[in-house]
Amino acid sequence: MDYKKLSELIFPNVTVTPEELEEKYPKRELPEGARVTRFAPSPTGFIHLGGLYQALLDSHLAHQSGGVFFLRIEDTDRKRLVDGAIEGIINTFSSFGIEFDEGATADGEKGSYGPYRQSERKEIYHVFAKKLMSEGRAYPCFCTPEELEAQHERQTVAKADPGYYGEYAVCRDLPLEEIEKRLAENKPYIVRFRSEGDKTKTVAFKDEIKGELLVPQNDNDFVLLKSDGLPTYHFAHAVDDHLMRTTVVVRGEEWLSTLPYHLELFYALGFKRPQFAHTAHIMKNENGGKRKLSKRKDPEAAVTYYAENGYTAEAVKEYLWTLLSSSFEEWRRANPTLPSSEFKLKLSKMSISGCLFDMDKLNDVSRNYLSRLSGAEVMALLDSWAPEHDKALYTLMEKDRAKIEAIVSVGRGGQKPRKDLTTLKDVFPYVSYFFEEHFVPSESEKLKSPDARAILADYASVWSENDEQTEWFEKIKALAARHGYCPDTKQYKADPTGYKGHVGDVSAIIRLAVTGRESTPDMCAVMKILGKETVIKRLLAE
RNA sequence: GGCGCCUUGGUCAAGCGGCUAAGACACGGCCCUUUCACGGCUGUAACAGGGGUUCGAUUCCCCUAGGCGUCACCA
C-alpha cells in the first residue's frame, strides 16, 4: 500500500507540514519548573463544581510555578453547543477569582498559541492526520453507524471486547483502488487511527495524583476525524496539548480508561507526552450509596448555587481546597489570614479517591471564613451580593448602611470572633430587628408576668445609652438584686435558695423584650445601636 | 458483562513494617461565662473480608466483596 498516495488522496489540500507548525508554536520560554495548564470545557452549559475544582487546581499549578493557565474551548461537537456558554464560563471563573492568562475570550482570544477554539483548528488537525496517514498510522473508514452498531451487537453476543480492532476492523486494509472508488461515489467516511498495540500487554504509567498505574496497551482503531472533518476529543487533545505546550493535563478520572489511546497517539505522533493528573470525583450521598455529583439532580453541583445561597466565592474555594489537599487545613490554621493562593500544593498530597460532598463541612468553612473578616469587609461582600440575591437586605442597606455595618461589626476581630453568620443569607435576620418595620415583638410568656413587667420598667429608668460595658453590667446586676435575682451566677448555682433566678435570667428578659429574640450579640452594644428612643419604647411596650 | 481506578470512624482525612491508629466536621457531655456567642476539656465511633510475606502487618503481595468510572463519528 502506498500510504503517501493515500494521504494525498484524502488530504489533497493540506500543504502545511508538521514541521512548520512546530516552528509556529515553539516551546514556551518559561522559568525552570514552570507549568502550563489548561481548562478545556466543551461549551455545553455552565460550570459544575467538579470543573471549578479542576480549574482551581490548574490555575494554582500554573501560577505558583510562574507558568501559564489558558482556556481552550472544545467545541467539536456541533450538536451540543449552547449560546453564551463561553462568556458564562469566563464570568463564573472570574467571580471565583480564577483568571485565564491566555485562550478564548467572550468575543475573541488572547495569546499566541491559538486558535483556542477547536472548531477553528480544523486545518491543524488535518496536517497531523495526513502525517499519520502517510506513515500508515491512519486510514479512512467507510463503515456506517448502522454497520458499527450491528458489529457491536455481534461482539456482545460473542462476548468479545467492543471496538474496532483485528477482524472487526473491516476498513483497515482496504485496497487503494477500493478507497478511490468509494471516494468517487461520495461515500462518507471517518479517519481512524491504526493501532499497533497489544491489549494483553500493560505499560507502567505514572500519574501525578494517582501514582504508579498499570495500564493496558490500546489495540482499538479509534476515530481521529469525524465525518464532518472535526477531530474527536482524543485526537484534538494530543494535537492541541502538544502544540499549546501544555505540561500538565489535569482532568477527571473518567479519562483514565481512554488514557491508552492517548499514550499510543502521542507516541505515534512523535510528541513528548505531558504529565497527567487525574482527579477523583466529588460524590454525593444518596440512599446510603455514593454517586457522582450530578448537575441534573443536585442543585449544589451547579456553581451558581453557592452565590444564590449566600456562600462567598472564597468560602467555596476554601472548602474545595480542603478536599483538594489533605494538608490545607493544617496550613490554614497556621496561616489564618493569608489568601489561599499562597498555599503550597503538592500533587502527591492530593486525595486519590472520590470524596462525598459535605454541606456541614462547607458551612463550617464558610462560617469560619466570614468570622475572620472585618465589618467593612463583610459590607463589601454584601454590596456585590445583596442587590441580586437578597432584595430585602439591600433595601435596608440603602436605608441605613452605617447601622448595618455597626451591627455586623459587633464582636468581630480579635482571637475569638463571633461566628453568627454561616452564609450571607444569615445577615438579614441578623439585622432585621434593628428596623421597626421588621421588628417582631416576642410573644413569649416570659415577658407577661408582673415580675417581668416590673424588671423592664425599672430597667428603662436606669439604662443609659452612654454606659460602657462595665457600667452597663453593674446596672444589670443591681437590677437583678432589686428584683430578687442573684447577681452572681456561680453563687446561684452553688445555692439557689431564696432567689427567683440569676442575673442571666434577667438579661434574657431584657434581650427578649428589646430584640424579640433569645440569641443576639452583646446586648450592651446592641442597645447602643438601637438608640434610646427605640430601646425605651420596646422595654415599656405592652 | 469486560477492563480500569478506589476501599482507615457518619463525612473529610493523617499514617507510608512495630503507634494506647492523629486531626477536622457532625453528634453527646462537662467547664468557662452578665446575656448571646466564642472558647477550653471530654465522650461515642474506623483499618471491608480472607489468605499469604515477615519476628511483627492499617502499611507489601494475592484473592474475594463493595463502590466508582468507562466501554460513541460526546467530551
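Student: What is the volume of the largest pocket?
Tutor: The model is predicted, so every value here is computed from predicted coordinates. The pocket is an open space, and probe spheres set on its grid points fill a volume. For the largest pocket that volume is about 1,000 Å³.

Student: Which residues lie nearest the centre of the largest pocket?
Tutor: The lining has 36 residues. By class it has 15 nonpolar, 11 polar and 10 charged residues. Nearest the centre lie A40, P41, S42, E254 and W255.

Student: Which element gives the largest share of the lining of the largest pocket?
Tutor: β1 (36–39), α3 (49–64) and β10 (248–252) each supply at least two residues. The largest share is 5 residues. It comes from α3.

Student: E254 lies near the centre of the largest pocket. Which side chain does a polar contact of 2.7 Å join to that of E254?
Tutor: Look in the loop between β11 (275–279) and β12 (282–286). The residue there touches E253, E254, K292, G354 and C355, leaving aside neighbours within four places in sequence. The partner in the 2.7 Å polar contact is H281.

Student: Is H281 buried or exposed?
Tutor: Buried means under 20% relative accessible area. H281 has 18% relative accessibility, so H281 counts as buried.

Student: Where is D298, and is D298 buried or exposed?
Tutor: D298 sits in the loop between β13 (289–292) and α10 (304–308). Beyond its neighbours within four places in sequence, D298 is in contact with K284, R291, K292 and L293. Its relative accessible area is 3%, so D298 is buried.

Student: How many cavities of 30 Å³ or more does the structure hold, and what space lies in the largest?
Tutor: Rolling a probe the size of a water molecule over the atoms shows where empty space is left. The structure holds 1 cavity of 30 Å³ or more. The space in the largest cavity is about 70 Å³.

Student: Which helix gives the most to the lining of the largest cavity?
Tutor: The lining consists of R367, L370, S371, V408, V410, R412, R418, K419, D420, L421 and Y430. By class that is 5 nonpolar, 1 polar and 5 charged residues. With 3 residues, the top contributor is helix α13 (residues 359–371).

Student: Which residues come nearest RNA strand B?
Tutor: There are 63 residues around RNA strand B. By class, this surface has 20 nonpolar, 16 polar and 27 charged residues. The nearest are K226, K290, K361, R418 and R511.

Student: What share of the atoms of RNA strand B within 4 Å of the protein belongs to sugar or phosphate?
Tutor: Take some pairs of atoms. A side-chain N or O atom of D161 is 3.3 Å from a sugar or linking oxygen of RNA strand B. A backbone N or O atom of Y233 is 3.3 Å from a phosphate oxygen. Bases hold the rest of the atoms within 4 Å, and the sugar or phosphate share is 75%.

Student: How many residues of helix α21 are buried?
Tutor: Helix α21 spans residues 523–530 and is mostly covered. Its buried residues are M523, C524, A525, V526, M527 and L530. They pack against α17 (450–462), α18 (469–482), α20 (503–515) and α22 (532–540).

Student: Where is N186, and what is its phi?
Tutor: Most residues other than glycine have a negative phi, and most peptide bonds are trans. N186 lies in the loop between α7 (176–184) and β6 (190–193). With a relative accessible area of 67%, N186 is exposed. Its phi is positive, near 65°.

Student: Which peptide bond is cis, with omega near 0°?
Tutor: Go to the loop between β4 (109–110) and α5 (122–134), where P115 is found. The cis bond runs from G114 to P115.

Terms used. Residues numbered from 1 in each chain as written. Chains lettered and ligands numbered in written order. Predicted model: local features only at pLDDT ≥ 70, side-chain atom pairs only at ≥ 80, totals over all residues. Heavy atoms only, no water. Near = heavy atom within 4 Å. Polar contact = N/O pair within 3.5 Å; in protein donor to acceptor, adjacent residues only side chain to side chain. Nonpolar A, V, L, I, M, F, W, Y, C, P; charged D, E, K, R; others polar. Buried < 20%, exposed > 50% of the residue type's maximum accessible area, 1.4 Å probe, protein only. Helix = DSSP H or I, 4+ residues; strand = E, 2+ residues; numbered from the N terminus. Contact = heavy atoms within 4.5 Å. 1 Å grid on protein atoms, 1.4 Å probe; cavity = no way out; pocket = protein on both sides within 12 Å on 5 of 7 lines; lining within 4 Å.
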